[in-house]
Amino acid sequence: MIKKIKWRNSIHFKIPMLFIFLLLVSLQIIGAYFIRQLESDLISNFDSQMSLNVRFLENSVTPVLESENQEEINLATQNVLRDYIGGDFLEVQVIDAKGYIVGINDQTRQSMVGTKSTDRDVQQSLLLESDRKYQYLDEERNSRVLKTVSSIFSPTNPDEIIGAVMMESNIEVVYTQISEVVQILVSASAVAVVITIFLAIIISQGVARPIAEMRTQTLAIAQGNYSGKIRIYGNDEMGQLAETINDLALKVKDAQETTEAERQRLDSVLKHMSDGVIATDRRGRVMIINNRAVELLGINQEDTVGKSIMKVLNLDKTFTFRHLLEKDDELILHVENEDDKEDSTLQGEFSIIQRETGFISGVVCVLTDITEQEKIEQERRNFVSNVSHELRTPLTSVKSYTESLQEGAWKNPEIAPSFLKVIATETERMIRMVSDLLHLSRMDQGNMELEKEYISINDLLSHILDRFDMMVQSGALRDKNYQIVRDFTKRTLWVDVDQDKITQVIDNIMNNALKYSPEGGTITCRLMETHNSVVMSITDEGMGIPRKDLSHIFERFYRVDRARARSMGGTGLGLAISKEVLLLHGGRIWATSLENKGSTFFISLPYVSFEEEEWS
């Protein structure tokens, strides 16, 4: 935005005023010197002329004053004074040695001849034998007068005063000439000032135009517009400055483009980084934070910028910013998530931005989400602990019974068979556990291959339930009085699955339902379809699963009631294997439960509907 400049601050005003000021000062100095010198010369010339006239008059009246006849003196003096009537001579008097006026040039004042002069200057000149000369203002004539009084000495006796001459001349004409010259000088100065103003305006336009263009271009450069170019009017300093600004615009444009490209690359890198990045100034205030850091910390980016990094990372109660600068090790941060989400674990690595002088200008923090790593590590530790615990119990039993047999219990026909049966049971349990672990290991490593085929899920589920019906009616569960209820859709559903693996999943869930159902309980099996999946559900009337355990039942070795599950021969891996199998099929498994009322397990498999004509 171009700021409006006041007219008195504009260069269009300052340059003419500078020229006018310089001209006026010059004219003042020149005029003062010239007029003073002119006045001095004119007055000096006028004074010299009057002095010459006085001397000439003295020479003319000296012989007359030496005469002894007073009438001859008066008559001769009056004849001499006729040449001094008019012109610059206002009044000329000739006085004898006694102070009497013997002649006067003013015809109207002839009555003064023969009277004694009362002029103080004349009296002092006769008394002191000295000349007097000065100017004064004659108010009656309204003009300046040069008055000259000169003593006349006897030519025969130089020490004897025989009279005096008093001459008053009109020196106003000199000052009138000076005034006329001053008027001419003032008129010439006014013309010079007008011409100077005109020329100064033209010169100021010539100077201001390239300056204004430079100003406009520099403002455009400041606003990011580098397309303009300043016109070069000459090869002087202004032209070189304009050329420099044009070159500067090109260099700033290149630098800006380079900076912008680097900034875009940096923004792109920060935006797509899988790690969070936070950059601060030297006081620890957040200057840059990328989207990943905002996502990891669960904060608002607008509210974070300018805030202390210690508060952003919730470290203000544990560390100070100085301790953070001095700490070399990474920090582990625990972030509490809202909306019942699992808390996150972050690893923060801090790097100090330091100049060559040692001045610290900021800190960069890189946040890495290690929640999954921590979870995997914890699962690994739990897995090792659970496997050790699960294997230790049957191994302890086998060892105890084996030692008892070695100590002679095998000789007892009543005890030995029961001991051997316990050893066989625990051995089978360990074999099942190892087999399940190997099974899970192959799935984790991706080595399990599915042998898929299109089957009718209706027929498969009916076949599995028929087998369980037979077990309930004639097998070991006959005394439990279980009932298996079927609720199938009438539409035949064809799915592309590995029949053996899906059978294993359904068997596992049905076995759990029978294990945890009370006597006379009902197990309800449903089969339904949605627009893109087949959903099977198995509901029991058992003791249910507590809410806090519901999200963990598909973890390996997790049991809600460990003692009861172990007594029933479970390994704690069935549901985990079922989950992995369904994930391989692109499906999923989940459960709902109410304590003391029962649980429902849902199995979802991908399903694409087609008509029988397409099959044929």
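**Exercise 1.** In this predicted model, determine which residues of α12 meet which residues of α13.

*Solution.* On the α12 side, the contact is made by Leu460, Leu461, Ile464, Leu465, Arg467, Phe468 and Val472. Their partners in α13 are Gln499, Ile502, Thr503, Ile506, Asp507, Met510, Asn511 and Leu514. Sorted by class, the residues of this contact are 10 nonpolar, 3 polar and 2 charged.

**Exercise 2.** Compare the span of α4 with its expected value, then locate its kink.

*Solution.* Helix α4 covers residues 172-222, 51 residues in total. From first C-alpha to last it reaches 69 Å, close to the 75 Å expected at 1.5 Å a residue. The kink, of about 25°, lies at Ala208, shortly before the proline Pro210. After the helix comes Gly224, with a positive phi near 95°.

**Exercise 3.** Describe the packing of α4 with α5 and the residues that form the contact.

*Solution.* The axes of α4 and helix α5 (residues 237-272) lie 11 Å apart, at an angle of about 10°. These helices are therefore roughly parallel. From α4, Val207, Pro210, Ile211, Met214, Gln217, Thr218 and Ile221 meet Met238, Leu241, Ala242, Ile245, Ala249 and Val252 of α5. The class count is 11 nonpolar and 2 polar, with no charged residues.

Key:
Residues are numbered from 1 along each chain as its sequence is written. This is a predicted model: local features need pLDDT of at least 70, side-chain atom pairs count only at pLDDT 80 or more; totals for chains, interfaces and linings use all residues. Side-chain values use heavy atoms; hydrogens and water are left out. Contact means heavy atoms within 4.5 Å. Helices (H or I, at least four residues) and strands (E, at least two) are DSSP runs, numbered from the N terminus. Ala, Val, Leu, Ile, Met, Phe, Trp, Tyr, Cys and Pro count as nonpolar, Asp, Glu, Lys and Arg as charged, and the others, Gly among them, as polar. The expected span of a helix is 1.5 Å times one less than its number of residues. The bend at a residue is the angle between axes fitted to the seven residues ending there and the seven starting there. Axes are lines fitted to C-alpha atoms, for helices over the stretch in contact, and angles run from 0 to 180 degrees between N-to-C directions. Angles under 35 degrees count as roughly parallel, over 145 as roughly antiparallel, 65 to 115 as roughly perpendicular and the rest as oblique.
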